[in-house]
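This briefing concerns the structure shown below. Please keep the sequence at hand while reading the points that follow.

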Amino acid sequence: MNQRTAAVLLGGFVAGVLLRSFVDFGWQFAGFFVLIGIVLIILSFITESRKLFLLTGVFFFALAVGVLRYEFKDYKNKNLLEQKVEQRIAIEGIIVDEPDSRENYTKYVIESDSPVGGEKILVYSYHYPEFHYGDKIRAAGLLKKPQNINDSFNWISYLAKDDIYYGMIYPKIEFLSSRNASLIKEKLFTLKEKFIGNINKVIPEPHSSFMGGITVGARQSIPKDLVEDFRKTGIVHVIVLSGYNITLVADTTMKIFSFLPRVVGTSFGVLGIVLFTIMTGAGAATVRASIMALLIVLAKTTGRIYSIIWALIVTGFLMILHNPKILVFDTGFQLSFLATLSLIYLAPHFEQKLKFITKKWKLREIASATLATQVFVLPLLLYKTGLLSLVSLPVNLLILIFVPVTMFFGFITGGLGMISHLLSIPFGWISYVFLQYELWIVEWFAKLSFSSFTISNFPLGLTLGVYTIYGWWIYKIKKENQKNKK
C-alpha cells in the first residue's frame with residue numbers, strides 16, 4: 001500500500017468518525033456510503049480516470065467504517081438505569097479509575113454490578129473516608145444525569161466518551177471489599193500515591209502539587225486559583241505530561257539496563273513507557289506521547305527511518321480507532337495533536353526567523369517551539385475557552401528552561417523518599433528553589449491587568465477558516481523546504 005492510498009483510507013475513516021459525531025442517521029447511513037463506494041469502484045474499471053474513481057471509492061468505504069466504528073462505540077443500552085433517574089437508589093459497584101481528588105471533593109468512577117451491571121456512574125464524595133481503585137462500594141443517593149453547565153463545554157458528551165451517563169452527588173457510601181480490579185493498575189496507583197506523598201513530606205504546598213503535576217501528571221490537588229494563573233499565562237501545558245516526560249522514562253530505563261543485550265534494554269524501555277502511562281492515568285495527551293515515544297524507541301532499535309509525521313498520523317488513528325469520541329469531545333487530544341503538528345512543521349520555520357535569539361540554554365529552541373505551539377493551538381483555545389494570554393511567550397521562555405532540571409530533582413526527591421526521608425530532604429530543598437522561581441513568575445505575570453482577556457463566543461466557522469489558512473501555510477513551508485533541498 002502506497003502513502004496516497006494509506007492517506008485516503010485514514011482520511012476517510014477520520015471523516016466518517018467526524019461526520020457521525022455531529023449527525024446520527026443510524027446504521028443505514030454507513031450502508032449508503034458503502035453503496036457509493038461500490039458504484040465508484042465499478043466505474044473505475046469502465047472509465048479512463050481509473051485511479052481517481054478507485055481512490056474515491058476507497059475513501060467512501062473508509063468513511064463507512066468510521067461511521068460504523070462510532071456506532072459500535074455508541075451502541076449500548078443506555079436505558080438500564082433510565083427509569084431510576086431522579087430517584088434515590090443504592091448501587092453496588094467497583095471503582096474502576098484512579099480517584100480524582102480536588103479541593104472540595106473527590107470524584108470516583110464506579111462500574112455497577114447491582115441493581116444492573118456494566119453501567120458507569122460518576123460519584124462526587126467528601127474527601128473522607130477515602131476509597132481507592134479496585135474497592136467495591138455501595139453508594140446510596142439520588143441518581144442524576146449529567147448536565148451541561150454552559151455552552152462553551154459539552155460536559156455530557158465529554159463523559160459519554162468514557163461511557164458515563166449517570167452520576168450521584170454526595171451519596172452515602174459504604175465500603176464492601178478491596179482488590180476487585182487490575183492488580184497491576186492498583187500497584188501502579190499505589191506507587192504514584194507514595195511518590196507524591198514523599199514529595200509532600202519535604203516540599204510545602206502549592207509547590208508540592210506543582211511538582212506532582214510536572215512529574216507524574218497529578219494535577220488534581222493544585223489550587224484552583226493557581227491553575228487559573230497557569231491558564232492566564234499560557235503555561236498550563238507544563239502540568240500536562242508530554243513527550244518529554246515519557247521519553248525521559250524510556251531513556252532512563254534503557255540506560256539502567258544498558259549492560260544487557262540491546263533488545264532486552266529496549267524491551268525494558270518499552271515496558272517502562274507502558275507502565276508509566278498507566279500509572280499517570282493514561283490521558284489523551286499522555287497516550288499520544290507514549291505511542292510516539294514507543295515508535296521512536298522501536299525505530300532506533302530496528303534501524304528503520306522514523307517518520308515523525310506518519311508516527312503522529314498513525315498514533316492519532318489508533319487512538320480514534322480505540323475511542324472514536326475523543327476526536328470531537330476530548331480537547332486534550334485535540335490540543336496535543338495540534339501542538340505536535342506545530343512542532344514538526346512550524347517550529348523549525350520560526351527557529352530560522354529568530355536568529356537574533358541566542359542558542360545558549362536552548363533559548364531559541366524554546367522560543368520557536370513556544371511561538372509555534374501558541375500560534376497553532378490559539379484558534380482552538382479561543383473556540384473552546386475564549387481565553388487569550390498576552391504574556392504566554394515571555395512566561396514560557398522564563399520557565400521552560402528550568403523545567404527539565406526541576407523534574408530531575410523532583411524524581412530524585414520522590415524516589416529517594418522510598419528509601420529514606422532524610423536522604424530526600426536536600427534534593428527537596430533544591431527542588432523548592434526552582435519551583436518557587438517558576439511559581440513566582442506565573443503569579444507575577446498573572447497579576448498584570450493585561451495578562452489575558454476573554455473573547456466570548458469565538459465562532460466555529462472562523463476557527464475552521466484559520467486552520468484552513470494554517471494548512472495552506474504549512475503546504476507553502478513544505479514546498480519551500482523541498483525546493484531548498486534540491
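By class, how many nonpolar, polar and charged residues are in the lining of the second largest cavity? The lining has 1 nonpolar, 3 polar and 1 charged residues, where Ala, Val, Leu, Ile, Met, Phe, Trp, Tyr, Cys and Pro count as nonpolar, Asp, Glu, Lys and Arg as charged, and the others, Gly among them, as polar. The model is predicted, so local features need pLDDT of at least 70 and side-chain atom pairs count only at pLDDT 80 or more, while totals for chains, interfaces and linings use all residues. Residues are numbered from 1 along each chain as its sequence is written, and side-chain values use heavy atoms, with hydrogens and water left out.

**Cavities**

- Rolling a probe the size of a water molecule over the atoms shows where empty space is left.
- A cavity is a set of points, on a 1 Å grid over the protein atoms alone, where a 1.4 Å probe fits but cannot get out; its lining residues have an atom within 4 Å of a point.
- Grid points are joined across faces, edges and corners, and a volume is the space filled by probe spheres set on the points.
- The count by this rule is 2 cavities of 30 Å³ or more.
- The volume of the second largest cavity is about 40 Å³, and H349, Q352, I477, E480 and N481 line this cavity.
- Two or more residues of that lining come from each of α13 (331-353) and α18 (460-485); helices (H or I, at least four residues) and strands (E, at least two) are DSSP runs, numbered from the N terminus.
- The element that gives the most to this lining is α18, with 3 residues.

- T463 is buried, because its relative accessible area is 4%; buried means under 20%, exposed over 50%, and partly exposed in between (1.4 Å probe, protein chains only).
- Residues up to four places away in sequence aside, T463 touches P379, L380, Y383 and F458, contact being heavy atoms within 4.5 Å.

**Packing of α1 and α11**

- Helix α1 (residues 3-22) packs with helix α11 (residues 308-322) at an angle of about 35 degrees, and their axes are 11 Å apart.
- Axes are lines fitted to C-alpha atoms, for helices over the stretch in contact, and angles run from 0 to 180 degrees between N-to-C directions.
- The crossing of α1 past α11 is left-handed, that is, the near helix is turned anticlockwise from the far one by less than a right angle.
- On the α1 side, Q3, A6, A7, L10, F13, V14 and V17 take part, and they meet W310, I313, F317, I320 and L321 of α11.
- This contact has 11 nonpolar, 1 polar and no charged residues.

- V123 belongs to strand β4 (residues 120-125) and counts as buried because its relative accessibility is 0%.
- Apart from neighbours within four places in sequence, V123 is in contact with T106, K107, Y108, I110, M168, P171 and I173.
- Between V123 and I344 there are 221 residues in sequence and 40 Å in space, C-alpha to C-alpha.
- The loop between β4 and β5 (136-144) is the place of G134, which counts as buried because its relative accessibility is 0%.
- With neighbours within four places in sequence left aside, the contacts of G134 are I94, I95, S177, S178, R179, N180 and A181.
- G134 and G118 lie 16 residues apart in sequence, and their C-alpha atoms are 15 Å apart in space.
- P129 is in the loop between β4 and β5, and the peptide bond from Y128 to P129 is cis, with omega near 0 degrees.

**Other backbone features**

- E205 and P206 are joined by a cis peptide bond with omega about 0 degrees; P206 is in the loop between α5 (183-202) and α6 (207-216).
- D163, in the loop between α4 (155-160) and β6 (164-169), has a phi near 65 degrees, a positive value in a residue other than glycine.
- R179 lies in the loop between β7 (172-177) and α5, and its phi, near 55 degrees, is also positive in a residue other than glycine.
- R179 is exposed, because its relative accessible area is 57%.

- T215 lies in helix α6 and is buried, because its relative accessible area is 0%.
- The C-alpha atoms of T215 and N180 are separated by 28 Å, and the two residues are 35 apart along the chain.

Conventions
1 Å grid on protein atoms, 1.4 Å probe; cavity = no way out; pocket = protein on both sides within 12 Å on 5 of 7 lines; lining within 4 Å.
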